[in-house]
Each structure stands twice: as C-alpha cells, then as structure tokens.
Amino acid sequence: MIILPSVDLRSGRVVRLKQGDYARQINYSVDPIDTARSFRDAGAQWMHIVDLDGAKEGRPVQGELIGRMIAASGLRVEVGGGIRTADDIDRLLEAGAARVVLGTKAMEDWPWFESQAREARFANRLVLAVDAKEGVIAVKGWQESSGRLAVDVARQVSDWPLAAILYTDVAKDGMMTGPNYEQTARLVQATIIPVIASGGVGAIQHVRDARRTGAWGCIIGRSLYEGTVDLREAIDIAQGE
C-alpha cells in the first residue's frame, strides 16, 4: 500500500478542516514547501494536495504555490479542489501534477466527467473522489446526499481509464479515529480501479488496518502534523516491512 501524505492549503497556509467544515479549521505553523520536502525526506513517493480555497470558490486558486511544492519536492502529486473544466485539469498537469482529483464536478455533471475520463490525454491521470456517509455519496460540501451508493459508482467506472478512486468517509475525515474500513473494502471488491482510503488516520494501527482492506493507497494528514503518526514508520508498515 502507498502512503500519500496530505497538505490542505488555504490562503497559502497548511491547515486541516474537521469533517470538511471551514468553521472548524486547524492551522499549522509549517511552510508548505518545507513540508513537501520533509515528506520526500521521510521516504514518501506520493503527496496529496487539496486547494481548499479552490474547493470553496469553484476554481483552482493555489496553482502557483502547488507548482512550487511539486518542483521542490520531486514527488508524484495528486491535486484536488475546485477543478471544474478541462482547462483546469490541463493547467494542473502542466504545473507538474501527476494526476488530478475530481469530485463535485464529477457528481454534478456525470456525462462531462465520463467524457474527460475517456479523453486520451487524461487517460490514467484522473482520480474520482467519492465522499460518502454510510456508503451514500455526499455532495455540495458534504451537506447533501446524492442518493448514489459508492459501490455502485465504483462498479460503473470499473472499465474507465481512471488512475484511482479516492474514498473518504465524511464522518471520519479529520477526526483521527480511523478510516471506514468496511466501506473501503467494499469499494476495493467492487472495482478493478485502485482505491485510496482517506479520512481519519490517527494512529499507526489505522495504517495496518487500512492495508488489510486491499486499498492501493492511504492518505494521512492531520496525524502527521500533530505527531500521532510517524510518516517513515507508516510507509514501512504500508509496504509490509
């Protein structure tokens, strides 16, 4: 399993939201570029970046900073937050992103998302973000239910040339109580596309448990900044060492 340390950016700062709530923001006194380099130095291969300003405004905002983080770290990076157009995708890929995460736009305009997923230049460069409550996909900043089951969507896209499905349990995100292992395992079993577990890793045991789901990757954020998980140890455990 691959560990993807996560950086959430807002106004150029590294922050964390509890359960996606902008009113419950935690600020960290760390430099984004130094943080990216520290992930590389700990042995990470990938990094996950969320442009929270972009997510709120519906357009990428932190592109310039993200480009500098990618260049400084040399890591393979997936970027999400506010991506609504093919031009948005192109710009992030040109900035050095290895792949781009689409969530809100994908769920709101499924035909558009399918057309982008099948676009030759985006083949295996797009990640579908599936944010769910009890297995039902949530939209509109996690405030509304889409009525669609995450496992059904995972099956539907199984033959699409997607890079991955990013599964986040809304209730777990930022809470450090562990991901939703049961739902993650269901997604893994429902599709041949690699699944990334996200939301709630707060202890090294959570990494061991996430690995047992069969997930390709696991995102770790808040616990790295608060010192409850050591990134190098998490990488070793994820790789079975």
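This report describes the packing, the charged pairs and some backbone features of one predicted model.

## Basis of the description

The structure is a predicted model, in which local features need pLDDT of at least 70 and side-chain atom pairs count only at pLDDT 80 or more, while totals for chains, interfaces and linings use all residues. Residues are numbered from 1 along each chain as its sequence is written, and side-chain values use heavy atoms, with hydrogens and water left out.

## The nonpolar cores

A residue is called buried if its relative accessible area is under 20%, exposed if this is over 50%, and partly exposed in between (1.4 Å probe, protein chains only). A nonpolar core is a set of buried Ala, Val, Leu, Ile, Met, Phe, Trp, Tyr and Cys residues joined through side-chain atoms within 4.5 Å. In soluble globular proteins, nonpolar side chains tend to be buried together.

The largest nonpolar core of this model has 72 residues, and I3, L128 and V207 are those with the most contacts inside it. Contact means heavy atoms within 4.5 Å. When residues up to four places away in sequence are not counted, V207 touches M1, I3, V201, I220, A234, I237 and A238. Another core, of 11 residues, lies apart from it; among its members are L4, V101, A164 and I196.

## Helix 1 and its surroundings

Helices (H or I, at least four residues) and strands (E, at least two) are DSSP runs, numbered from the N terminus. Helix 1 spans residues 32–41, and its residues P32, I33, T35, A36 and F39 are buried. Seen down the axis of the helix, these buried residues fall within an arc of 160°, so they line one face of helix 1. The arc is that of the directions from the helix axis to the C-beta atoms.

Which elements pack against the buried residues of helix 1? They are strand 1 (2–10), strand 2 (13–18), strand 4 (46–51), helix 3 (63–73), helix 10 (222–225) and helix 11 (231–238). At the start of helix 1, a side-chain oxygen of D31 reaches to within 3.0 Å of the backbone nitrogen of I33. Just after the helix, G43 takes a positive phi of about 105°.

## E226 and its partners

E226 is found in the loop between helix 10 and helix 11. With a relative accessible area of 34%, E226 is partly exposed. Residues up to four places away in sequence aside, E226 touches I26, Y28 and M176. The side chains of E226 and Y28 are joined by a polar contact of 2.7 Å. A polar contact is a pair of N or O atoms within 3.5 Å; within protein, one must be able to donate a hydrogen and the other to accept it, and residues adjacent in sequence count only if both atoms are side-chain atoms.

E226 also pairs with R222, as their side chains meet in a salt bridge (2.9 Å, N to O). A salt bridge is a side-chain nitrogen of Lys or Arg within 4 Å of a carboxyl oxygen of Asp or Glu. R222 counts as buried, at 14% relative accessibility. Elsewhere, salt bridges that share partners join D90, E119 and R121 into one network.

## Salt bridges within helices

The whole structure holds 15 salt bridges. One of them joins the side chains of R155 and D152 (3.1 Å, N to O). Both residues lie in helix 7 (residues 150–156), three residues apart, which is about one turn of the helix. R155 is partly exposed at 49% relative accessibility, and D152 is partly exposed at 39%.

R186 counts as partly exposed at 41% relative accessibility, whereas E182 counts as exposed at 51%.

Leaving aside neighbours within four places in sequence, Q183 is in contact with E134, G135 and Y167.

E134 is found in the loop between strand 7 and strand 8 (136–139). E134 is exposed, with a relative accessible area of 66%, and has a positive phi of about 50° although it is not a glycine. N124, in the loop between helix 6 (110–117) and strand 7 (126–133), is another residue other than glycine with a positive phi, near 60°. N124 is partly exposed, at a relative accessible area of 49%.
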